[in-house]
Amino acid sequence: MATEILMPALSPTMEEGTLAKWLVKEGDTVSSGDILAEIETDKATMEFEAVDEGVMGKILVEEGTEGVKVNSPIAVLLDEGEDADSATVESSQPQQPAPAEKARSSEDEPAAGMDHPAPATPAQARKLEPDWPEGTEVKQTTVREALRDAMAEEMRRDDTVFLMGEEVAEYQGAYKISQGLLDEFGAKRVIDTPITEHGFAGIGVGAAFGGLRPIVEFMTFNFAMQAMDQIINSAAKTLYMSGGQMGAPMVFRGPNGAAARVGAQHSQDYAAWYSSVPGLKVAMPYSASDAKGLLKTAIRDPNPVIFLENEILYGRSFDVPVMDDFTVPFGKARIWREGGDVTIVSFGIGMTYALEAAEKLAEDGIEAEVVDLRTLRPLDYDTVIASVQKTNRCVTVEEGFPVGAIGNHLSAYIMENAFDYLDAPVINCTGKDVPMPYAANLEKHALVTTDEVIAAVKQVTYR
Amino acid sequence: MAARKTTAKTAAKPNVSAEELLEYYREMLLIRRFEEKAGQLYGMGLIGGFCHLYIGQEAVVVGLEAAAEEGDKRVTSYRDHGHMLACGMDPKGVMAELTGREGGYSKGKGGSMHMFSKEKHFYGGHGIVGAQVPIGAGLAFADKYLGNDRVTFTYFGDGAANQGQVYEAYNMAELWDLPVVFVIENNQYAMGTSTKRSTKSPSYWERGAAYGIPGEEVDGMDVLAVKAAGEKAVAHCRAGKGPYILEIKTYRYRGHSMSDPAKYRTREEVQKMREERDAIEHVRELLLQGKHATEDDLKAIDKDIKAIVNEAAEFAKESPEPALDELWTDIYADEVPQEASA
């Protein structure tokens, strides 16, 4: 019986890739371990080996084809003596479970006849694209490229900016964020470190005290826990402890939060942790333009900035303006979608769920206003409050743990500052209160889901 | 005169002028009297929290400062008053920081463990044991990157010498040839735990060999031996040869901090060190025996120092407490407000 050879996933987050080259042709006999093809992902080119033995029957995807989805058949492997056209094919295509229908509840009707005070400053409808002048040419760019471009531009602009971290130079970045930087800036400014987070974070802090502008890359923020003392006690607090004499103008950056199937120790969102510390600034972009504009701002900032990226977003493309010097200010949220029925506040990869939920809710006639905080310290409270004053309802969305979440803080702030405008309690959609499990179904369940956001919106809008 | 020993490695005394010797005497005495006064003010409730006195260890910082040049940097732990005075920071500003007043180096917001001076290239004052070691390597990294011909003195104790980040810093400092002198002030007790009770490899400087960093042990009760070793270490760094380790054997007469039960060593042990090995007495004898100074000259110096310390104490008492607005300043270099609630 013939077997389909499927497009392999070569990294935890790979969704598609390029079939760069076939190393076998139809009719060849292969045995397990033989290299069949070269597959290119956005991170690397990798060789793909045969698992079974047999004869290459039909090649279904020509070499050079881009965007081949993971798990789609790329060739058929025949048993000895079997004919390619008549073979019955055994498919190992995984079955995607259909999303469960959410039960709707019509309980808890809103109290009738409640009046809201008029906002002191009327809620201003923000322009949806406030970050670059109208008519600016835009280019589809991945978050990965945007981050690299931001670093390269700032390194060209300021000789004291340098990048250090594990595998940032010769390997070209564990997630290819620093691709090409070694070639352009040399080993003096793009520095591979040993695996020694506490040590190189501390060296980065000292270098910042000494007049440089370090960008310290953590391969992931999970590893930054080894360096936590230097980040918090040395980088964040020195300006205050020195009465303003010296501080640490530097950026700590890297992927944060869950990737895919990498287990509890590699899947934590630290947004709320860092955001609780005075002296740090915290940025957590969603789009490529924000990744670029905020990283450039972060590198120029005279304070330590925690720059939280997301592995799953690295490969996503967004419009990025073609401008000589495009920056995004800290402390200014972006409204991605206007609406009058509910405010959905999110940031980082949480925006994926927020925007998807808003699309689906619109089909049901619920217009959500979606606010991307972009930076968590400083946090754009005014935009959140103005939106809540308009919609009278709020749902927050993040992947982090539920206890001590950013959403908890926002709920408290909204309660203190816009209580009379609320028609329903604020709901926080967060990751679940569990260490991240490995099993695919459990992991999906542990993270916040679009369905949960939709259900929360329906609850606060009493639909 | 009690017999004095110097280790074989540092037996060769550097040439030193009478003026220099007098200067070391003054500086060491300033630190001692300053610390005694700080102890008094602590007892009076004018200084609070943690206060770690440097009494007994004065020759370490004075000897190394004698080997330093303008622009060289220094960073240390929380037992930092001596380092600040030795690098020329104003005793008034240091004492006023101890009392938590506006006139302190950190406007009263740092305290005993957290003072800094950009002008004197003093980078703290760090309260977490060992954290200053990678920071010191980082300061040296900056100098090398910028092409400055400067050296960073990174001080830490025998206690910190068991922290992992020290060895992370050693590894990178040697890998990148950073101009940093790692100064281990081995006062033999990490808080109340003697070196014998904390490690079976008590020769701390030898650990550098694992990373290729040369070093040596130095008699820390002999300011001239410290200076000579410091000059050697600095020359190594300035020649671009990377880091150097000095393990300076010293002794703290007072407790770890102000609340020390003093159960971990005998009174006799402390007494013996004070009588036989005191660094200030040593220089005093050199001055008198070499006829570089008379008893009267030294008395005059004592009087000057006393006046400086009293003036610092008066300033520290009279300087007002910081204005309440200071609570909210210096959090961000660009002062972005971050109010959690309106």
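This is a predicted model: local features need pLDDT of at least 70, side-chain atom pairs count only at pLDDT 80 or more; totals for chains, interfaces and linings use all residues.

Reader: OK, so is B:L53 buried or exposed?

Author: Buried, because 26 other C-beta atoms lie within 10 Å and the cut-off for buried is 20 or more.

Reader: And which residues does B:L53 touch, not counting those up to four places away in sequence?

Author: Those are B:E35, B:A38, B:G39 and B:R254.

Reader: Where does B:T250 sit relative to B:L53?

Author: The two are 197 residues apart along the chain, with 14 Å between their C-alpha atoms.

Reader: Zooming out, what's chain B made of?

Author: Eleven helices and eight strands. Of its 342 residues, 54% are buried.

Reader: How does the radius of gyration of chain B sit with a compact globule?

Author: It agrees: chain B has 20 Å, and a compact globule of 342 residues would be near 20 Å. Along the principal axes, the C-alpha atoms fill a box of roughly 65 × 50 × 40 Å.

Reader: What share of the contacts in chain B with a separation of 6 or more comes from residues 24 or more positions apart?

Author: That share is 77%.

Reader: Switching to the interface. How many residues of chain B are in contact with chain A?

Author: 39 residues of chain B, against 40 residues of chain A. On the chain B side, the elements giving two or more residues are β2 (122-125), α5 (132-146) and α6 (164-175).

Reader: Which one gives the most?

Author: α5(B), with eleven residues. By class, that side of chain B has 20 nonpolar, twelve polar and seven charged residues.

Reader: Now chain A. Is strand β8 (residues 73-78) mostly covered or mostly open?

Author: Mostly covered, since five of the six residues in β8(A) are buried.

Reader: What does β8(A) pair with?

Author: One partner is strand β1 (residues 2-6) of chain A, antiparallel over four bridges. Strand β6 (residues 54-59) of chain A is joined to β8(A) by four bridges too, and these strands also run antiparallel.

Reader: Which residue of β8(A) stands opposite A:I5?

Author: A:A75. A:A75 is also the bridge partner of A:I59.

Methods. Residues are numbered from 1 along each chain as its sequence is written. Chains are lettered from A and ligands numbered from 1 in the order in which they are written. Two residues are in contact if their C-beta atoms, placed from the backbone, lie within 7 Å. Ala, Val, Leu, Ile, Met, Phe, Trp, Tyr, Cys and Pro count as nonpolar, Asp, Glu, Lys and Arg as charged, and the others, Gly among them, as polar. The radius of gyration is taken over C-alpha atoms; the globule rule is 2.2 Å times the number of residues to the power 0.38. A residue is buried if 20 or more other C-beta atoms lie within 10 Å of its own, exposed if 12 or fewer, and partly exposed in between; C-beta atoms are placed from the backbone. Two strands pair if DSSP finds at least two bridges between them.
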